Amino acid sequence: MSSNEPFRIAALAGDGIGPEVMREALKVLRVVESKYALKLDISEAPVGWAGIDAAGSALPEATLALCKRSDCILFGSVGLPARDATIPKDQRPERAALLRLRREFGLFANLRPVRLYAELAHACPLAKDRQGAGIDVLVVRELTGGLYFGQPKLTETLADGTQRAIDTMVYTTPEIERIAHVAFRAAKLRRSRVCSIDKANVLENGVLWREVVTRIGHQYPGVSLEHMFVDNGAMQLMLRPTQFDVILCENLFGDILSDEAAALAGSLGMLPSASLGATTGARTFGFYEPAGGTAPDIAGKDLANPIAQILSCALMLRHTFRSDTAATAIETAVARVIAQGLRTGDIFSALDTAAQRTGTNGMGDAIAAEI
Ligand code: IPM
Ligand code: MG
């Protein structure tokens, strides 16, 4: 692929605060585009309830087709609890759009960087002495295996009328190998430590997971590897989060631990995430989304924090388009704006005399201007 081919981005804003944080992200991307002479080809399409309302499906055919001819998906968030309950579970946005896209594009590697900015120490639920010199953890979560997709997966009624639900946890060696490589490679670019999470004392999956991760670890002599049972890992994350660099886990453990880790950053509104597939050619297909949800209670009020969506653009530039300079420019601009004291409601503290409150739009403008 020649380097002057445009970056094809499918922007799916979705529901709730999705459209307003996406607006700020696109604003920032346009500034980055001109500053770094990139060529962005951004197309927007409906997903989630926006998709159901526009075309009768949480993932309309036209939206899926757009994703297929793009290099990546910049995603907002989907689902509105009050409306989700009114339709069958298989048609609800989380399953019909989010899980379907993960599966469809083979997005097996989910990267969730959790960083507590020094200026936001007050928003962290842990006492200052537990925050050490700062919290900076990368959760690497396997995203297309385990209990989420294992077969059989069903609810059945037995002869005596009892209902039985079955979810199956399945992992194969190649599935564990490829996610382990992602974690070790990421650790090399960070502080060279991987903590692999499992339940090897109880689950067959845990035994295999530990065995395979250990074997792959031998290929990365510069990276230290430690194993933790998931229950202890959850506790350690609260007691001493600074001991972690990269946390590697299977799908469900990663779902749980990444939310726990996210709490440490003070607000979900600060956290981006990347879900990556296999690399074919020069570009890795990726799906980039904020860690938080649709937050319908604050939607449309200029209250949402757009930083997670904006930082997701940085991950997109880095992982799919290999534009590290542009990605770093966004991250630096965000850090500067935080350092200057600008705060949306979720990270505002009246005790912080340097803090200045702003809205979704104001935050986006400030970050764009900083770039
Ligand atoms: C996440 C979410 C999803 C998951 C839900 C919405 C299906 O919690 O991305 O962590 O469980 O993977
Ligand atoms: Mg989750």
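User: How is the crossing of α3 and α5 described, right-handed or left-handed?

Analyst: In this predicted model, helices α3 and α5 make a right-handed crossing. A crossing is called right-handed if the near helix is turned clockwise from the far one by less than a right angle. The axes of α3 (residues 61–68) and α5 come within 12 Å and cross at roughly 35°.

User: Which residues of α3 and α5 meet?

Analyst: From α3, the residues L64, C67 and K68 meet R100, L101 and E104 of α5. By class, this contact has three nonpolar, no polar and three charged residues.

User: Across which strands does helix α5 lie?

Analyst: Helix α5 (residues 93–104) lies across β1 (7–14), β3 (72–77), β4, β5 and β12 (283–290). With β12 the helix makes an angle of about 160°. Angles over 145 degrees count as roughly antiparallel, so that term applies to α5 and β12.

User: Why are α1 and α12 called roughly parallel to each other?

Analyst: The axes of α1 (residues 18–35) and α12 (residues 360–370) cross at roughly 15° and come within 9 Å. Angles under 35 degrees count as roughly parallel, and α1 and α12 are therefore described in that way. Their crossing is right-handed. On the side of α1, the contact is made by E20, V21, E24, K27, V28 and V31, and on the side of α12 by T360, N361, G364, D365, I367 and A368. These residues divide into five nonpolar, three polar and four charged.

User: What makes α8 roughly parallel to α9?

Analyst: Helix α8 (residues 230–239) packs against helix α9 (residues 251–264) at an angle of about 10°. This value falls under 35 degrees, which makes α8 roughly parallel to α9. The two axes are 10 Å apart. In the contact, V230, A234, L237 and M238 of α8 meet F253, L257, E260, A261 and L264 of α9. Eight of the contact residues are nonpolar, none is polar and one is charged.

User: What makes β2 and β9 edge strands?

Analyst: Each of them, β2 (40–44) and β9 (224–229), pairs on one side only. They stand at the two ends of an open sheet of 10 strands, in the order β2-β1-β3-β12-β11-β4-β5-β10-β8-β9. The pairing in this sheet is mixed, and the twist averages 20° from one strand to the next.

User: In which sense does β3 pair with β1 and with β12?

Analyst: β1 and β3 pair in the parallel sense over five bridges, with A10 opposite I73 in β3. Three bridges join β3 to β12, and these strands also run parallel. The bridge partner of I73 in β12 is F287.

User: Why is β3 described as largely enclosed by the rest of the structure?

Analyst: A residue counts as buried if its relative accessible area is under 20%. Six of the six residues of β3 are buried, so the strand is largely enclosed by the rest of the structure.

User: Why is A37 called exposed, whereas D302 is called partly exposed?

Analyst: The relative accessible area of A37 is 69%, and exposed means over 50%. A37 therefore counts as exposed. D302 has a relative accessible area of 37%, a value between the limits of 20% and 50%, so D302 is partly exposed.

User: How do you know that the peptide bond between Q151 and P152 is cis?

Analyst: The omega angle of this bond is about 0°, and the bond is cis. Most peptide bonds are trans. P152 lies in the loop between β5 and β6 (154–157).

Note on methods
Residues are numbered from 1 along each chain as its sequence is written. Chains are lettered from A and ligands numbered from 1 in the order in which they are written. This is a predicted model: local features need pLDDT of at least 70, side-chain atom pairs count only at pLDDT 80 or more; totals for chains, interfaces and linings use all residues. Side-chain values use heavy atoms; hydrogens and water are left out. Axes are lines fitted to C-alpha atoms, for helices over the stretch in contact, and angles run from 0 to 180 degrees between N-to-C directions. Helices (H or I, at least four residues) and strands (E, at least two) are DSSP runs, numbered from the N terminus. Angles under 35 degrees count as roughly parallel, over 145 as roughly antiparallel, 65 to 115 as roughly perpendicular and the rest as oblique. Contact means heavy atoms within 4.5 Å. Ala, Val, Leu, Ile, Met, Phe, Trp, Tyr, Cys and Pro count as nonpolar, Asp, Glu, Lys and Arg as charged, and the others, Gly among them, as polar. Two strands pair if DSSP finds at least two bridges between them. Buried means under 20% relative accessible area, exposed over 50%, partly exposed in between (1.4 Å probe, protein chains only).
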